[in-house]
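Today I am opening my notebook on charged side chains. Come along while I look up how they pair.

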Amino acid sequence: MIPKIILGTRSTRGLIRYLFSPGDANEHVDPHLVASWNDFAPDPGRSPHRDSDEVEKQLAEQLDQPVTMLGDKAPETTFWHCPVRAAPEDPILTDDQWAEIARRIVAAAGIAPEGDTEACRWVAVRHADDHIHIAATLVRQDGRRPQRDYDQRAVQREARQIEIDYGLRRLKPGDGTAAKRPTSKEHFKAKRLGQNATSRELLRTRVRRAVAAARDESEFFALLDATGVTVRLKHGPSGDALGCNFALPGDTNDVGEPVFYAGSTLAPDLSLPQIRQRLATTSAEPAVVRPSNPWHQATAATERVPHRLTGTDDHMAQGQLVALGGMLDLLPLAASGAARAELEQAAIAFERATRSRIAADLDSTRVLRRSVQAILHDPHPVDAGSGLAMLLDAALVAVAYAMHWHRTRHHAQQEEAARQALAHLTTAHREVTAPALEALASRSPGQQVQHRYAHHIRQLVPDHTQRILDDDAWDALTAVLAEAEAAGHNPAVLLGHALGQRALDDARHPAAALTWRIRRLGERHVPGLRAQAANSLSPYVNERVQVGAAPAPLPSTAATRGPRR
């Protein structure tokens, strides 16, 4: 259940007129009162024998009476408006249930505490199955101001309790860093324009993607222009740009002018000052990425995120979440079809997980940010499929750690956002890895070589050997091991390094997970002859792998690997 408080200075008459009107898109169905301050206020929706305009005027005058009596001493802000909306999957509540919810909301907000006969005047209007509007005037009937300190938080707390009491969908408590939700008007307008999302949501996605992709401010505005976003800068007396508003093509008001949204209303981190901080070139880490395969650079940077999230520096950890969110914003550009759609949803979901009350150390974001930008400018199309699979494999782990990081800090909304992003990433990972693994499997080595690799795995991780051999990705794993060995790597040592990166206990497809780790490790600089000799004689290899020992004979392929899933 979502309550949203709006304060206003316009006439109460105008608000009442809107609440009992058909709405901008005829979305108001059967508007009527379900509750009021005295339980017998005039109801324009249930007065068939009177002119509705007359009843609306009478209701507005009664609501305004305490304000009017103060004359010049009346407050500047005169009315309090709070739409309260249930989730689409919630049961349809009765008028009596909505009336009780309205009373609890105004009591929690300090508008009309329970039992206070001199409280503010208010009404609750229902004009749809899933929500009501509460309208109140901000002068008590005894002429005093209502005590509504921190009413936003109080109303949210009460809404969480109402969800429990009525068996409604339970939303996560927030910390005030969430992006502003689209209004009902925006939803109806999007439907009328044939958009799959509101203009606010579409702009948020495009601006975030431009921030993630741009290397400086001029490129940021150029990228927005290329995607059709109109930008209007707000200049100060000195002529410097202090803020910016954004508009989508075709989204106009009643007089045909573009509808602009301030960056800060799209998300708290999309104001111009915040964007400039993200685009700043100063960094405490090296900002120049060494020439290499950008997929490998981005994967290496992503693999470092879990380490940062388990450290003691929360500001650096929050910065890593910002960088991870920027990476997810750009990944859809490297995919297509169903995978792209899932990656877009993952980025939209994870956006909420990139902000909390903890200030982000943006300097720590530069390596991951630059490496992902390098993919856009040098995508290595020949290797893009396996490169994206590698990066997604690392991203799955990073997002899982992000979910845990938020959980341990009681960031409920951010934890849920990371959980949703993880689900979309998992689906995208399957879409991307299936063809890439199939292509690798077609290059798998002969049975003798596979037996040797299986022997190494048995020595390294005996508890997981059968799961790895049974995995559909076993052929692909042997292919990347064979390619790494042909390039001069010791396959046993590579397997040891890959297994040391993260345990396989929670890996549903352990051979696939190892494939992408080996692929990246195998394409690093090949060690020299002396280093190879040292590796082959390392205590780790001698104790766990016994390189050169005759591998135990394996049963038939089917018996060894088990049935294909």
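Below are my entries on salt bridges in this structure.

Entry one. I note at the start that I am working with a predicted model. My reason for looking at charges is simple: side chains of opposite charge can pair when their charged atoms come close. I searched the whole structure, and the search gave 31 salt bridges.

Entry two. I looked up Glu 54 and found that it forms a salt bridge with Arg 50. Their closest N and O atoms are 3.3 Å apart. Glu 54 is partly exposed, at 45% relative accessible area. Arg 50 is partly exposed too, at 37%.

Next I turned to Arg 276. Which residue does Arg 276 form a salt bridge with? The partner is Glu 217, and the closest N and O atoms are 3.0 Å apart. Arg 276 sits in helix 9 (residues 272-279) and Glu 217 in helix 7 (residues 217-226), so this pair ties together parts that are 59 residues apart in sequence.

I then looked up Glu 351, which forms a salt bridge with Arg 355. Here the closest N and O atoms are 2.6 Å apart. Are these two residues buried or exposed? Both Glu 351 and Arg 355 are buried.

Terms used. Residues are numbered from 1 along each chain as its sequence is written. This is a predicted model: local features need pLDDT of at least 70, side-chain atom pairs count only at pLDDT 80 or more; totals for chains, interfaces and linings use all residues. Side-chain values use heavy atoms; hydrogens and water are left out. A salt bridge is a side-chain nitrogen of Lys or Arg within 4 Å of a carboxyl oxygen of Asp or Glu. Buried means under 20% relative accessible area, exposed over 50%, partly exposed in between (1.4 Å probe, protein chains only). Helices (H or I, at least four residues) and strands (E, at least two) are DSSP runs, numbered from the N terminus.
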